[in-house]
Amino acid sequence: FSGIFRSTDGSNWTEANNGLPFFNMVFALTSHNNIIFAAIMNEVYFTTDNGDTWKVVESAWPQSTVVSALATDGSTLFAGTGESVYTSADNGTTWNKNKTGIPAETSVNTFGNTANVILAGTSKGVFLSSDHGTSWQEKNNGLSAINQNTILSHGTLLFSGGLQNLYTSSDQGKTWAAKNTGLSGDVNIITLVNNDTGIFIGSNNGVYLSINNGDNWSALNDG
């Protein structure tokens with residue numbers, strides 16, 4: 001496994017794995033207070049020199065679980081694992097386990113940010129926190145497929161995707177509506193990203209694009 005690469009121009013890439021383990025499958029990256037954090041299997045590593053060297057943070061989660069998601073809301077660092085959410089207010093030096101709102105043994109797959117709140121996409125749906133992860137509220141109204149892999153903020157809308165369904169919300173996750181026109185019936189949505197063109201889905205069936213806020217999707221798989 002090759003681990004982390006970096007580029008200054010998007011065309012040329014070099015390895016940046018000094019300090020990382022040999023088996024370095026990277027599940028998530030985030031930047032917080034000018035520090036880059038990487039989730040690799042059951043550990044989180046950080047670099048303060050743009051990847052020249054990496055060091056491991058002191059973890060608070062069980063070593064049997066995988067760290068699958070990282071995020072920041074500006075003041076707090078979030079780590080999502082196979083059994084809970086952990087937060088750090090001191091750049092990963094110490095961590096606190098979530099104990100309010102998200103059920104025990106919930107796998108956290110992704111995080112998303114919007115309007116001073118953070119959302120967690122999990123094996124038990126979407127949860128929202130407005131107090132830097134101290135407490136969470138379930139936001140599953142309208143979700144027929146509970147397991148959510150990815151969350152994206154796009155303008156005033158939220159998008160959440162998982163197995164066979166893409167959902168949108170215009171009220172910070174209070175309610176969700178399916179937006180699947182153009183998607184194949186067996187689609188598993190893995191990631192979402194947006195730019196000036198529209199919203200892109202990365203899935204088991206390739207790439208889809210919507211230019212009308214998810215009302216219609218078109219496959220982009222030529223080449």
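Buried, in this talk, means under 20% relative accessible area, exposed means over 50%, and partly exposed is in between, with a 1.4 Å probe and protein chains only. By that cut-off Glu83, at 8% relative accessibility, counts as buried.

Some conventions before the rest. This is a predicted model, in which local features need pLDDT of at least 70 and side-chain atom pairs count only at pLDDT 80 or more, while totals for chains, interfaces and linings use all residues. Residues are numbered from 1 along each chain as its sequence is written, and side-chain values use heavy atoms, with hydrogens and water left out.

Salt bridges, then. The term stands for a side-chain nitrogen of Lys or Arg within 4 Å of a carboxyl oxygen of Asp or Glu. How many salt bridges does the structure hold? There are 3.

Glu83 takes part in one of them, with Lys97, and the closest N and O atoms are 3.2 Å apart. The pair links distant parts of the chain: Lys97 is in strand β10 (residues 96-97), and Glu83 is in the loop between β8 (77-81) and β9 (85-88), 14 residues apart. Strands here are DSSP runs of E, at least two residues, and helices are runs of H or I, at least four, numbered from the N terminus. Glu83 is buried, whereas Lys97 is partly exposed at 40%.

Another salt bridge joins the side chains of Arg6 and Asp52, at 2.7 Å, N to O. Arg6 sits in strand β1 (residues 5-6) and Asp52 in the loop between β5 and β6 (55-56), 46 residues apart. Arg6 is partly exposed at 33%, and Asp52 is partly exposed at 41%.

The side chains of Asp215 and Lys179 also meet in a salt bridge, 2.8 Å from N to O. Asp215 belongs to the loop between β21 (206-210) and β22 (218-219) and Lys179 to the loop between β18 (177-178) and β19 (189-194), so the pair ties together parts that are 36 residues apart in sequence. Asp215 has a relative accessible area of 39% and is partly exposed; Lys179 is partly exposed as well, at 24%.

Now a charged residue without a partner. Glu43, in strand β5 (residues 43-47), is buried yet has no salt bridge. Which side chain of opposite charge is nearest to Glu43? That is Lys55, 15 Å away; for charge, Lys and Arg count as positive and Asp and Glu as negative, with His and the chain ends not counted. Leaving out residues up to four places away in sequence, Glu43 touches Ala38, Val56, Val57, Ser59, Gln63 and Val67, where contact means heavy atoms within 4.5 Å.

Next, Thr150, in strand β15 (residues 148-154). Thr150 counts as buried because its relative accessibility is 5%. Beyond its neighbours within four places in sequence, its contacts include Thr110, Phe159, Ile189 and Leu192. A polar atom of the Thr150 side chain lies 3.3 Å from the backbone nitrogen of Leu192. Between Thr150 and Asn188 there are 38 residues in sequence and 11 Å in space, C-alpha to C-alpha.

Technical notes: Polar contact = N/O pair within 3.5 Å; in protein donor to acceptor, adjacent residues only side chain to side chain.
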